[in-house]
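Hi,

Here is the structure I promised to pass on. Have a look at it first, and my notes follow below.

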Amino acid sequence: FVPSGPLFSVPFPALVNSEKVYVIEKFVVSIAPSIAILDLMYMKVMSMDSKEKETLVVGNPSMPIDAITQLPGSEKEAKAVASIMGCDVLCGKEATKNEVMSRLPQARVVHLATHALLSDKLADHLTQEGKVSMYNDGDYTVKGAIVLARSLDTDNCTGVLTSSEIQNMNLKGELIVLSCCKTGCGKIIGDGILGLSRALLVAGVQCLLATLWSINDECTADLMQHFYLNYSQCHDAPLALQRAMSRFKDRNPGTWGAFFVMGISPL
């Protein structure tokens, strides 16, 4: 699909026909921001080499401020993904912003199970009660961030990896999974969504999984485990997500329909 306007907020895999059959049961679904960007993605795929093989898995970093809750379910999810992909996992104090940034350019597959923000500053999400609101209803242009642990060896490190920092990186990832809430949201413009997803595409990521709404830890862990079991065999993200979602089609689509694939898989 190449959506336009509010259609970027539609969970296409979870749509049903008159016979109550989900789209995902009949079709492999992926999203492209625009035809022009899709063409650029294909050019990148054709020019990619196969040297970078590292898999980076991050789950439940030590949150940089107490108002942000820890995610033990995301840590369990990340460890299961790492076991399937045969790699180590960064959790807690090890999942620092500096460590993640140093590994991202070498990684072909990246899984990030943490909190995401629709602004690039923690202060924008603090309510008057001192709690955190993950989603700001303001202007999301060139905004969005991934919450990681503070890097203690860097002065004034917030632990927040912003969209602005991401889009200035040179990434070679064939797949990045943003297993966080509302990572596919942002300001909708003519050729896509301005937010984390756009920043990653600008940085060079070939294909990404993002979410349209808040996701449940336990349900997401189940979905991700089956996604990676399929991906490790077919190396095709849209197909792997279709197979994983089809397995859970008898559950409430609110538990699995938030995820979508943007971009293209290796040729």
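A term to start with: two strands pair if DSSP finds at least two bridges between them. Helices (H or I, at least four residues) and strands (E, at least two) are DSSP runs, numbered from the N terminus. Keep in mind that this is a predicted model, where local features need pLDDT of at least 70, side-chain atom pairs count only at pLDDT 80 or more, and totals for chains, interfaces and linings use all residues. Residues are numbered from 1 along each chain as its sequence is written, and side-chain values use heavy atoms, with hydrogens and water left out.

Now the sheet. Strands β3 (residues 107-113) and β7 (residues 175-178) pair in the parallel sense, over four bridges. Leu-112 has Leu-178 in β7 as its bridge partner. Both strands belong to an open sheet of six, in the order β2-β1-β3-β7-β10-β11, with mixed pairing. At the edges sit β2 (90-92) and β11 (259-263), each pairing on one side only. On average, neighbouring strands are turned by 15 degrees against each other, direction ignored.

Next, what lies on the sheet. Helix α3 lies across β1 (54-61), β2 and β3, and runs at about 165 degrees to β1 (angles run from 0 to 180 degrees between N-to-C directions, and axes are lines fitted to C-alpha atoms, for helices over the stretch in contact). Helix α8 (residues 237-247) also packs on the sheet and touches β7, β10 (207-211) and β11; contact means heavy atoms within 4.5 Å.

α3 (residues 72-85) has a helix partner too: α7 (residues 217-234), packed at an angle of about 10 degrees with the axes 9 Å apart. That makes the two roughly parallel (angles under 35 degrees count as such). Among the residues that meet are Glu-77 and Val-81 from α3, and Met-224 and Tyr-228 from α7. The residues of this contact divide into seven nonpolar, five polar and two charged (Ala, Val, Leu, Ile, Met, Phe, Trp, Tyr, Cys and Pro count as nonpolar, Asp, Glu, Lys and Arg as charged, and the others, Gly among them, as polar).

Is Ser-74 buried or exposed? Ser-74, found in α3, is buried, with a relative accessible area of 3% (buried means under 20%, with a 1.4 Å probe and protein chains only). Not counting residues up to four places away in sequence, Ser-74 touches Gly-59, Asn-60, Ala-113 and Asp-217.

Last, α6 (residues 196-203) is mostly covered, with seven of its eight residues buried. Just after α6, Gly-204 takes a positive phi of about 115 degrees.

Cheers

Technical notes
Buried means under 20% relative accessible area, exposed over 50%, partly exposed in between (1.4 Å probe, protein chains only). Angles under 35 degrees count as roughly parallel, over 145 as roughly antiparallel, 65 to 115 as roughly perpendicular and the rest as oblique.
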